[in-house]
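Hello,

Here is the structure I promised to pass on. Please open it alongside this note. My findings come after it.

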Amino acid sequence: MRESPVRTPEPLAYLNGRLLPLSQVGVGVFDVGFVQGVTVAEQLRTFGGKLFRLEQHLERLARSLEFVGVKLELTLAELGQIATELAVQNAKLLDPADDQGATIFVTPGTTGAFVNLAAHRGPTVGIHTQPLPFGQWAEKYRTGESLVVTNVLQVPAACWPAELKCRSRMHYYLADQRARVIEPGARALLLDQRGFVTEASTANLLIYLHGEGLISPPKEHILAGVTVAVVEELAGQLGIPFAQRDLTIADVTRADEVLLCSTSPCVWSVTRVNGQNIADGNPGPVSSELRRTWSQMVGFDIEEQTQRFALR
């Protein structure tokens with residue numbers, strides 16, 4: 001006799017004023033977020049069960065919503081409270097030493113000819129959490145990332161400002177596809193229309209030069225990443241200078257270290273760009289020292305946590 005499968009509790013999610021099982025949360029086919037891809041979103045994670053830099057993420061969300069022209073009935077404080085309570089509730093389904101990602105997304109809702117078919121009027125507002133995919137970057141801490149420049153460019157500022165955090169990321173998808181054709185396992189490094197480096201797909205890029213410190217592309221030309229701002233803070237604690245200027249591919253390939261910064265992995269090394277090793281082709285000491293300092297800030301070893309939960 002076949003045993004019945006063991007049912008595990010399902011995480012909860014928030015959608016338009018209601019808490020629902022995550023499997024029941026979705027955006028309707030007539031929602032502008034689905035039809036036109038008009039979705040403003042913030043991706044967060046927890047450290048020790050607490051949402052990290054929630055206020056900064058909410059402030060960036062507010063700027064994005066203002067640009068898109070979407071007004072919420074909820075205040076930022078109310079949105080943050082819902083996200084916090086949801087993260088606390090869903091953390092009960094995890095190992096106490098584990099952490100989770102959290103997503104806040106907003107669309108303009110259903111508009112036009114289909115508005116009368118909508119179950120909800122006004123913007124669509126959703127919040128959900130998910131287990132962190134530690135396995136995606138566990139090995140990258142040890143071996144580094146490989147980047148490839150393709151013919152897919154960053155979206156011009158004439159289309160929307162670089163600081164708009166949105167889900168319209170077809171250029172990331174296409175650039176990564178083409179990068180992996182050139183070098184299996186690589187991800188894309190995007191240039192702007194002038195030929196200067198902007199960012200990797202879903203990650204900010206920094207270079208490190210002995211005698212100069214960390215250098216970022218100008219912040220007005222890139223998405224203002226919350227994580228790269230934290231790295232700048234930690235660099236200050238370590239006495240590492242932090243500057244901004246336009247960077248060419250030659251600047252990147254000649255750097256002593258190249259680093260990526262993103263919400264969940266925090267900071268890690270790039271060891272190859274366009275098939276060329278960065279320095280000796282191994283992760284550098286600056287990225288390791290920044291992760292060590294990050295671990296001190298959050299109160300536990302983030303690399304150890306990554307390795308522990310990488311195979312779940």
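Predicted model: local features only at pLDDT ≥ 70, side-chain atom pairs only at ≥ 80, totals over all residues.

The buried residues of α2 are L54, H57, L58, R60, L61, S64 and L65. Around the axis they cover an arc of only 160 degrees, which puts them on the same side of α2. The general rule for such a helix is 3.6 residues a turn, so residues three or four places apart point the same way.

What do the buried residues of α2 pack against? Their partners are β3 (40-47), β4 (50-51), α3 (76-91), β5 (100-107) and α6 (226-237).

After α2 comes G69. The phi of G69 is positive, near 85 degrees.

**Two cavities**

Next, the empty space inside. Rolling a probe the size of a water molecule over the atoms shows where empty space is left. The whole structure was searched, and two cavities of 30 Å³ or more turned up.

The largest cavity has a volume of about 60 Å³. Its lining is made up of L44, R45, F52, H57, V226, T227, V230, T263 and W294. The elements giving two or more residues to this lining are β3 and α6. Which of the elements gives the most? That is α6, with three residues. Sorted by class, the lining of the largest cavity has five nonpolar, three polar and one charged residues. Note that H57 is in this lining and is also among the buried residues of α2.

The second largest cavity has a volume of about 30 Å³. V38, T39, V40, L65, V68, V70, V106, T107 and P108 line the second largest cavity. By class, the lining of the second largest cavity has seven nonpolar and two polar residues, with no charged ones. L65 is one of the lining residues here, and L65 is also listed as buried in α2.

D192 sits in the loop between β8 (187-191) and β9 (197-200). Is D192 buried or exposed? D192 has a relative accessible area of 10%, so it counts as buried. Leaving out residues up to four places away in sequence, D192 touches L153, Q154 and T198.

T202 is in the loop between β9 and β10 (203-209). T202 is not a glycine, yet its phi is positive, at about 60 degrees. With a relative accessible area of 40%, T202 is partly exposed.

N274 lies in the loop between β14 (266-273) and β15 (276-277). N274 also has a positive phi, about 55 degrees, although it is not a glycine. The relative accessible area of N274 is 41%, which means that N274 is partly exposed.

Best wishes

Conventions: Residues numbered from 1 in each chain as written. Heavy atoms only, no water. Buried < 20%, exposed > 50% of the residue type's maximum accessible area, 1.4 Å probe, protein only. Helix = DSSP H or I, 4+ residues; strand = E, 2+ residues; numbered from the N terminus. Arc of directions from axis to C-beta. Contact = heavy atoms within 4.5 Å. 1 Å grid on protein atoms, 1.4 Å probe; cavity = no way out; pocket = protein on both sides within 12 Å on 5 of 7 lines; lining within 4 Å. Points joined across faces, edges and corners; volume = space filled by probe spheres on them. Nonpolar A, V, L, I, M, F, W, Y, C, P; charged D, E, K, R; others polar.
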